[in-house]
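Trainee: I'd like to learn how the labels on a protein model get decided. Can we go through some together?

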Amino acid sequence: MKNFLLLFLLVCGQSVFAQKIESKPQPPMAVNDFGNFLEPFQRDALEQKLRNYNDSTSSAILIVTVPDLQGYEIAEVSIKYLRDWGIGTKEKENGVLILVSKSERKARIETGRGMEGVLPDILAKQIIDDRMIPYFKTNDYYRGFDNAVDAIIQAAAGEY
């Protein structure tokens, strides 16, 4: 029985540590387009918008696109990015991550604890469904990301 338990823990532990995410770029960027959704000028425009927001508040919004989720659920991957990259301030946990996977065609908005009040899961889902997906369906990824950022900024107005 002890051997079975040990084997079980080893197998489970390996699967947790096997999940790989991209390294946080140095210097840090607000738009991390590993999935190649955006043209360089679009990436630059979103980067400037997010840097201005991040500089004028203590909150941080980051966009990360990935080619695929490596067999993991998007919620697992988004939480790993939010925690491992330290999005937002450590004290306030006021980071927001927009994660989109190209292969699985999935999107998620993940919030730190400090942003859950202004951006609950139901609102995050509405932003994805109403402000992002319609544009993604026409391959206008920039407009989808831009609209999502505007909606998040509006929801968080005055919070930090």
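Predicted model: local features only at pLDDT ≥ 70, side-chain atom pairs only at ≥ 80, totals over all residues.

Trainee: Why is Phe-145 called buried?

Mentor: Buried means under 20% relative accessible area. Phe-145 has 0% relative accessibility, so Phe-145 counts as buried.

Trainee: And what makes Asn-147 buried?

Mentor: Same test: Asn-147 has a relative accessible area of 13%, and the cut-off is under 20%, so Asn-147 is buried. Asn-147 sits in helix α5 and touches Arg-131 and Tyr-135, leaving out residues up to four places away in sequence.

Trainee: Why is the pair of Phe-37 and Phe-145 called edge-to-face?

Mentor: Ring centres must lie within 6.5 Å to pair, and planes over 60 degrees apart count as edge-to-face. Phe-37 and Phe-145 are 6.4 Å centre to centre with 85° between the planes, so they pass on both counts.

Trainee: What does this pair tie together?

Mentor: Phe-37 lies in the loop between β1 and α2, while Phe-145 is in helix α5, so the pair ties together parts 108 residues apart in sequence.

Trainee: How do you know that Lys-102 is over the face of Phe-37?

Mentor: Lys-102 is 5.1 Å from the ring centre, and the distance limit is within 6 Å.

Note on methods: Residues numbered from 1 in each chain as written. Heavy atoms only, no water. Helix = DSSP H or I, 4+ residues; strand = E, 2+ residues; numbered from the N terminus. Buried < 20%, exposed > 50% of the residue type's maximum accessible area, 1.4 Å probe, protein only. Contact = heavy atoms within 4.5 Å. Phe/Tyr/Trp six-rings, centres within 6.5 Å; stacked < 30°, edge-to-face > 60°. Lys NZ or Arg CZ within 6 Å of the ring centre and 35° of its normal.
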